[in-house]
Amino acid sequence: MPEHTFRLNGEQVTVEVADDVRLLWVLRDLLGVTGPKYGCGINVCKACTSHLNGKAVNPCAIPVKDLKETDEVTTIEGLAATVDAELHPMQQAWLEQDVAQCGYCQPGQIMAAVALVRRVAEEGREITDADLDAIRNVCRCGTYFRIRAAIRAGAERM
């Protein structure tokens, strides 16, 4: 089996796995990182949303062979460390807005929200309704109004 090395939540990791295995299965099954959820496995539901070099990606769609040693994968487990805090401001906003019902989609929702807020800030503008509409993560419980409120609240603190 080939070896694949990349950074995960600030730590260098190496796994021995076939090139075509998707990053989601490497994270969950080999590395024990369960924040990114398996929802559809075909890059549609976005329950597995994580960051690759700061950008929102869906690990279910990324073959592990595509990662380089210098690539940084951040999952919900490592998000707070990116701001050197117990909770990331977006996670805190999620709690304050009482977003979660079943909670299954929440790690992916939060990771998508953080990437959106960072991108909008880099563009030097405020978050718009169109930006929020562009987040395509599925929430079967339908807490979209609270998700949107939490994104706006979290953005104020980021």
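Over residues 75-152, how much of the chain is helix, how much is strand, and how far apart are the end C-alpha atoms?

Analyst: Over residues 75-152 the chain is 56% helix and 0% strand, with 21 Å between the end C-alpha atoms. This is a predicted model, in which local features need pLDDT of at least 70 and side-chain atom pairs count only at pLDDT 80 or more, while totals for chains, interfaces and linings use all residues. Residues are numbered from 1 along each chain as its sequence is written, and side-chain values use heavy atoms, with hydrogens and water left out.

UniProt lists residues 75-152 in an unreviewed entry as "domain: [2Fe-2S]-binding". UniProt positions follow the numbering used here, feature names are shortened, and annotations may be inferred rather than shown by experiment. Helices (H or I, at least four residues) and strands (E, at least two) are DSSP runs, numbered from the N terminus.

Helix H3 covers residues 89-96, and Pro89, Met90, Gln91, Ala93 and Trp94 in this helix are buried. Buried means under 20% relative accessible area, exposed over 50%, and partly exposed in between, using a 1.4 Å probe and protein chains only. The cover over these buried residues includes helix H2 (76-79), H4 and helix H6 (144-157). After H3 comes Asp98, with a positive phi near 50 degrees. In the loop between H2 and H3, Asp84 has a positive phi near 50 degrees, in a residue other than glycine. Asp84 is exposed, at a relative accessible area of 75%.

The loop between H4 and H5 holds Arg125. Its relative accessibility of 32% makes Arg125 partly exposed. Leaving out residues up to four places away in sequence, Arg125 touches Arg119, Val120 and Asp131; contact here means heavy atoms within 4.5 Å.

On a 1 Å grid over the protein atoms alone, a cavity is a set of points where a 1.4 Å probe fits but cannot get out, whereas a pocket is an open set with protein on both sides within 12 Å along at least five of seven lines; lining residues have an atom within 4 Å of a point. The volume of the largest pocket is about 310 Å³, taken as the space filled by probe spheres set on grid points that are joined across faces, edges and corners.

At least two lining residues of the largest pocket come from each of strand S4 (55-57), helix H4 (106-122) and helix H5 (129-134). H4 gives the most, with six. By type, the lining divides into seven charged, six nonpolar and four polar residues. Here Ala, Val, Leu, Ile, Met, Phe, Trp, Tyr, Cys and Pro count as nonpolar, Asp, Glu, Lys and Arg as charged, and the others, Gly among them, as polar.

S4 leads on to the strands. Asp66 sits in the loop between S4 and strand S5 (72-74) and is partly exposed, with a relative accessible area of 48%. The C-alpha atom of Asp66 is 9.0 Å from that of Asp20, 46 residues away along the chain.

S5 runs parallel to S1, joined by two bridges, and Glu72 in S5 stands opposite Arg7. Two strands pair if DSSP finds at least two bridges between them. S1 (residues 3-8) also pairs with strand S2 (residues 11-16), in the antiparallel sense and over six bridges. Glu3 has Glu16 of S2 as its bridge partner, and Leu8 is opposite Glu11. The hairpin formed by S1 and S2 has two residues between the strands, and Asn9 in the turn shows a positive phi of about 50 degrees.

S1, S2 and S5 are what the buried residues of H1 pack against. In this helix (residues 23-30), the buried residues are Leu23, Leu24, Val26 and Leu27. Between H1 and strand S3 (50-52), the loop contains Lys46, a residue other than glycine with a positive phi near 70 degrees.
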